[in-house]
Structure formats: structure tokens, C-alpha cells
Amino acid sequence: MIVTSQNMNILARLALENPDLLLHFLRSVDNSPDIVSRFVDKWAGQKVSPRQSSFH
Amino acid sequence: MGLFPKAISCLQLGSENLKKVLRIIESYIILDPVGIMRRYADKLFSGFAALTVDLKPEASRTVMNVVEVAIQGCPLDLYFATFVESGLFFKILAAVMDDDVCPPSKSYGLGVSDGVGEYDCDFAEYEYPSSVGS
């Protein structure tokens, strides 16, 4: 799956509404102590595909 | 309303049909996001989770757009359990985190059934904070 702005928006919605829940699932895929900082780093540095669609 | 479950069933069809089906699904969600998600969130997310295997970037972008529309119109507690149980949430999370973050035993995107229900126990074990669902 490619990372698009929609992917980021979906995770952003969860981070805003329930950061504890996002943290729980982050730790379920990787239990290392620095998972949060790595996630933030990846999120901040993620290059996403443009939202444009040929359907629109 | 009877068309919607049929549209979900059509998600597995070819690419040209997929565009039309996604438009139909998106239109239904825009018209009644809470009603649609309350009745069909499980089938919808399961269909999308199966669909995200080997999708081309354009199609993946369109699918994620529909998912985003769906969750934007609903409260978190209405859809999140099925979102996780379908495996779609973990596919999105894994895409952002990259494969090297995920343990080798937890594969993503290798088959239709991969990831679906794989993390049910994680969700079941989570205790919601008191603010969730209120």
C-alpha cells in the first residue's frame, strides 16, 4: 500500500481523538521504547502522494 | 439502501467497474455516513482490506479517499472496532511505519486473508479510557 495524504489523515484523526488508542496499536506492531519518536519522525518526514485523482 | 451491500460485493470486480463501485459507495456514505457505517462498517472495511492487496497507486489513493470520507463523518466508537478487526487499520499503519518496523511474523498485503482478524486480540485486550465512547 502506498502512503497517501488520506492514510495520514486517517491516522491523524485517531491521534487527535484518542492518542492513547493510537499508541496502543503502535506498540502492538512494534514494542520498542522509541516507537513513538520513530513514528513522529516518519510521519513528519513522510512524502505522500498528491490527493489528486483522475476520477475527479 | 439495498444497493449498498451489493456495491460492497462488487468491490472485487475489475478496475473499470471498481471506479464506478467506489463512486457509488462514496455517494452513499456522503448521504448518510452514520447510517451506512452503523449497518455496513464491517463489510465495508473487510472489502477494502481485501481490496488493498496489489492495488495500483491510483486505485489505492481512491480507496483510501473513500475510507477517509467514511471515518470523517462518524464518531470514532462507531467504526473503530471493525476498522481494526478488518485488518485495514494495520495495513494503513504499516504503510506509514514501513515494513522494517513490523515483526516478520506479521506480514502485510500478501493475500486477501492476510491481516484480516490478525490483530483482533490486540483490540480486545485494549481497555478504552473513560472518554471514549461517551
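Which helix of chain A has the lowest mean confidence, and which the highest? In this predicted model, in which local features need pLDDT of at least 70, side-chain atom pairs count only at pLDDT 80 or more and totals for chains, interfaces and linings use all residues, confidence in chain A is lowest in helix 3 (residues 35–45), at a mean of 76, and highest in helix 2, at 86. Residues are numbered from 1 along each chain as its sequence is written, while chains are lettered from A and ligands numbered from 1 in the order in which they are written.

**View 1. Confidence along chain A.** Where pLDDT is low, the predicted coordinates should not be read in detail.

**View 2. Helix 1 of chain A against helix 2 of chain A.** Leu11(A), Leu14(A) and Ala15(A) of helix 1 meet Pro19(A), Leu21(A) and Leu22(A) of helix 2, a contact being two C-beta atoms, placed from the backbone, within 7 Å.

**View 3. Helix 1 of chain A crossing helix 6 of chain B.** The axes of helix 1 (residues 5–17) of chain A and helix 6 (residues 88–97) of chain B come within 10 Å and cross at roughly 110°, so these two helices are roughly perpendicular to each other. On the chain A side, Asn7(A), Ile10(A) and Leu11(A) meet Ile92(B), Leu93(B), Ala95(B) and Val96(B) of chain B.

**View 4. Helix 5 of chain B and the residue Gly87(B).** Within helix 5 (residues 76–85) of chain B, Tyr79(B), Phe80(B), Phe83(B), Val84(B) and Glu85(B) are buried, that is, each has 20 or more other C-beta atoms within 10 Å of its own, with C-beta atoms placed from the backbone. Helix 5 is followed by Gly87(B), with a positive phi near 90°. Across chain B, 35% of the 134 residues count as buried.

Notes. Axes are lines fitted to C-alpha atoms, for helices over the stretch in contact, and angles run from 0 to 180 degrees between N-to-C directions. Helices (H or I, at least four residues) and strands (E, at least two) are DSSP runs, numbered from the N terminus. Angles under 35 degrees count as roughly parallel, over 145 as roughly antiparallel, 65 to 115 as roughly perpendicular and the rest as oblique. A residue is buried if 20 or more other C-beta atoms lie within 10 Å of its own, exposed if 12 or fewer, and partly exposed in between; C-beta atoms are placed from the backbone. pLDDT is the predictor's confidence in each residue, from 0 to 100.
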